[in-house]
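Please open the model in a viewer and keep the selection tool at hand. The stops below proceed from one selection to the next.

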Amino acid sequence: MKDTTRLSRFEAARVIAQRDFRAILFSRAFLFFLLGPLFPIIIGVLAGGIGGQVQRDANTRLVAVAMSEADTQALIAARARLAPQIGRALPELAVADAGTAPEVILREPGKNYVAVVGGTLAAPELTAPQPAIDYWSGPVAMLAAEAGTRQVAAYPAVAPRPVATSIAAQRGDRIRTAQAGQLLLFLLMMLLAGMVLSNLVEEKANKVIEVLAAAVPMDAVFLGKLVAMLGVSLVGIAVWAAVGSAIAMLAGNALPQLPAPALGWPLFLALGLVYFAMGYLLLGSLFLTIGGLATTVREVQTLSMPVTMAQLLVFFLAASSITRPGSLMELFAAAFPLSSPFAMLARAAQSDALWPHALALGWQALCVLLFVRFGAQIFRRRVMKSGKGGRAVKGHVGSVRAR
Amino acid sequence: MTRPSGGDNRKLAIEAHGLVKRFDDTLAVDGVDIAVPEGAIYGILGPNGAGKTTTLRMLLGIIDPDAGVRRVFGNDRPHEVAKLIGYLPEERGLYPAMKCDEAIAFLGALRGLPLEEGKARGRVLLEQHGLGHAVDRQIRQLSKGMAQTVQLLGTLVHRPKLVVFDEPFSGLDAINQGKLEVMIRELAHSGTTVIFSTHVIHHAERLCDEVAIIAGGKVPYAGSVDAARDRIPAQVRLETRSASGPWRSALPGDARHDAKGEASHFWYFPVPETGIEELLKPLIAGQAGILSLSIERAGLHDAFVEIAGEAAARALEEDNARGAKP
């Protein structure tokens, strides 16, 4: 260490980061952090399963046929003939009593019919609520027509000529990769930003903050804390990657494969890591600023809620612009600091141009510096407000230089 | 050791001119001037809420003044000389999960001391202060007093040239207060400048070479303790057997009288300009029956009342009565 009368900003940030990194890595909080991604996965699987079941139960395609015996059999035979061609567009058919009024059939408990077909093949009648009539009139008319001809139409065989992909398929695939990347980035960042905030609140509760503020410039404290949490998160990501790789190797081809991004996997993953770091540093510095504004845990929760909501909006902005590369909205999402990492990661999945990433990373790095500097100033103004840790005097403090 | 002389060519560890700090509509510090000579023990004396902590925070660069300048070892950016400073805030705080030697080393590292060296020095300091057995204990496992000692050692581990204590005696029992007084004297003896804030007059009176009396954000007096005391004329305390007689005319007309029974009368008045000898002659000749006579120099408390006013003195006494728990 040089013989100077102070630590440089980076040395000071390193001292803070070193302490925080070790303290978090060997804490129970880190264990919960490692387990963190399990919760959204479990909830996602459960919600998906339950949602699918509900969807299946709600979207029944069963239509009751209340016609004469002959017409009913002809209609069922016609459905069987058309099913190989357009099966998914046709209703399921069930035989109902032709002597019972259609309205009564629709109300039969436990049957779950969406509509009742009556009348004759020449003049079928469809009884159902209006939306179901709108939806099923066409398919029912087609079935009645097919049943009425009593002939088997000759469908020509379609010769398959498969290709690896098409522009449409590739685009769809890469959008899926972009969406997955954005979602992962968002979840990770929210998890970490919350952790850095609670770390700071704990520090205020421990009353260590004044010792730090007296010894080193506040932006060094700020930077040290952010870097420590970034380091912790990289350890976490390494652990998750190792576990994920092990599961992938064990599962073989049983896992769904994500389509390769436009820049290829190695560059995409590297960019993903850098965008994650940038996004986290931006969001983390915002959360640290909130920590500086708040004096109690309750205040922290109150103040962080709008930022969390705003971050959700930012995520939705970036997510909704995926399908419109080059549009004004996508360009805005790429330029706005908080949505830029998401938008640019989506670009990496869909476009192989590299220069926009160089530009975006430079812009994001500049924003990180500004955010950290601004956050440190606010923090410094608010964190030491009076003799007893800021309780006696509330409010804004006069102009303060950042050091 | 060279004690500060009070001359004009003293090297200053800290100097501040016209410091102002406002929090919203509260003027916390209003034009404070302070000059702390190198090697001095300097006290900032005042009741809670007077602006002591805010002043110290401005001097250390934790917060910046709205107006005025401050220089620490000639530098107007205190963080630029952070390695030369040790600071113990009023609200003590350490990381509960840290071991004692790690906590001391971390505080040293913040001031530029390499971690390993800090740990080694920390172990020695803990041993010297009777906490050798606690080296590997976590802070959360220590008593409050022990944790305070650990933080104090962390404040000193990098061997600063200037040590700033904010209410260092608050929360300490009498024995530990005594130990801290010894430590402060030793620091000053080794050439370290010590500045501390306090609301307890006798700490300032016993320890300080110079004081700044602060009340309502202003510093009405900054200078040597002796000079503060000398602002009030010395008082004569005379005890006589007789209550009256021709000798009474020798006493000033406004002398305060207090009787203790029939044969013990006390008289209080400023030392006459003509001197004590001239006063004694008529008393003896008039058979006043002198039982005792003393010249009492004003204490710092009297000086505080004189300088800061009755209200500030009352606030100070109330703080003391509350044990300084605002």
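Select residues 355-376 of chain A: the span is 100% helix and 0% strand, with its end C-alpha atoms 32 Å apart. Helices are DSSP runs of H or I of at least four residues, strands are E runs of at least two, and both are numbered from the N terminus. The model is predicted: local features need pLDDT of at least 70 and side-chain atom pairs pLDDT 80 or more, while totals for chains, interfaces and linings use all residues. Residues are numbered from 1 along each chain as its sequence is written, with chains lettered from A and ligands numbered from 1 in the order written.

Next, select residues 221-251 of chain A, which are 100% helix and 0% strand, with end C-alpha atoms 44 Å apart. An unreviewed UniProt entry places "transmembrane region" at several spans of chain A, including 221-251 and 355-376; such annotations may be inferred rather than shown by experiment.

**Helix H10 of chain B**

Move to residues 310-321 of chain B, helix H10, whose buried residues are Ala312(B), Ala315(B), Leu316(B) and Asp319(B). Buried means 20 or more other C-beta atoms within 10 Å of the residue's own, exposed 12 or fewer, and partly exposed in between, with C-beta atoms placed from the backbone.

Terms used. Expected span 1.5 Å × (residues − 1).
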